[in-house]
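This report concerns the structure displayed below. Please consult the sequence and the model alongside the text.

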Amino acid sequence: SIQKMLGCVLVEVGDRWLRFAAPNTETSIRCEVPISSGEAGAIALPEEIFSRTVSSFLPGPVALEIIDRGLALALETESSRAKIKGYPPDDFPLWTSPPKEPEARVILDSKGLKSAIRRASVAVGKDMTRPILTAMCFDFSSAGLTVAAANGVQLAVVVIPMSGLSSTRIIIQARVLSILESAMPAQVEVEFCADSSRAFFSFSDEEGLGFQFSGLRWWFSTPL
């Protein structure tokens, strides 16, 4: 079922890449790791068991193989072996790829973006009966990107000076941005784009790992 899949990590193997994806009701995260070779396949694994197993391994190469007709993943290192039972990937929520013709697309510096999210987060509300106050507003204009949050008492506004931006306003759940901020390296380029329903952030770290965050975009007629 979909509910069961929300507690899982999708492991996909390609010819030269290994990809992990995890969703919840608000956001999806995908990480791509370059590998030497691989046999195509996919399996959904219980996140808690998978994380605990991998965390127990010593640093070093790990060999992975999808076995038992796609219902288990075998992992092997120089000193450890493990087998995790999983599920067919058919019920796993489909990944929504960034749009080819987005409403907005811009390259951001992760250092400035991390700082803006942290500084605006002090005014994010916690009252879920007023969900607009638990979000942040990304306002693109000719002056740059303005990140704003308000909780009914406080207002935080952070401006990242940029040029050549088209005017658009996007509201994103603050929890999504908090996860993004903690995962972003300090100095990388972050590609941001959005369509009518989702916002996407993509970047690669210094080790060549590719990350993509997808979060629901909210629409409100009430100004922030």
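The sections below describe a helix, a group of aromatic residues and a contact between a charge and a ring in this predicted model.

## Helix 3

Helix 3 spans residues 110-120, and its buried residues are Ser110, Leu113, Lys114, Ala116, Ile117 and Ala120. Viewed along the helix axis, these residues fall within an arc of 165°, so they line one face of the helix. In general, an α-helix has 3.6 residues a turn, so residues three or four places apart point the same way.

The face turned away from the buried side of helix 3 carries the exposed residues Lys111 and Arg119. At the start of the helix, the backbone nitrogen of lysine 111 has a side-chain oxygen of aspartate 109 within 3.2 Å.

## Aromatic pairs and a cluster

The whole structure contains 7 aromatic pairs. One of them joins phenylalanine 138 and phenylalanine 201 in an edge-to-face arrangement, with 6.2 Å centre to centre and 75° between the planes. Phenylalanine 138 belongs to strand 9 (residues 135-141) and phenylalanine 201 to strand 14 (residues 198-204), so this pair ties together parts that are 63 residues apart in sequence.

Phenylalanine 201 also pairs with phenylalanine 192; this pair is tilted, at 4.9 Å centre to centre and 50° between the planes. Phenylalanine 138 is buried, with a relative accessible area of 0%; phenylalanine 192 is buried at 0%, and phenylalanine 201 is buried at 2%. Together, Phe138, Phe140, Phe192 and Phe201 form one aromatic cluster.

## A charge over a ring

The charged end of arginine 19 is placed over the ring of tryptophan 17, at 4.1 Å from the ring centre.

How values were computed
Residues numbered from 1 in each chain as written. Predicted model: local features only at pLDDT ≥ 70, side-chain atom pairs only at ≥ 80, totals over all residues. Heavy atoms only, no water. Buried < 20%, exposed > 50% of the residue type's maximum accessible area, 1.4 Å probe, protein only. Helix = DSSP H or I, 4+ residues; strand = E, 2+ residues; numbered from the N terminus. Arc of directions from axis to C-beta. Polar contact = N/O pair within 3.5 Å; in protein donor to acceptor, adjacent residues only side chain to side chain. Phe/Tyr/Trp six-rings, centres within 6.5 Å; stacked < 30°, edge-to-face > 60°. Lys NZ or Arg CZ within 6 Å of the ring centre and 35° of its normal.
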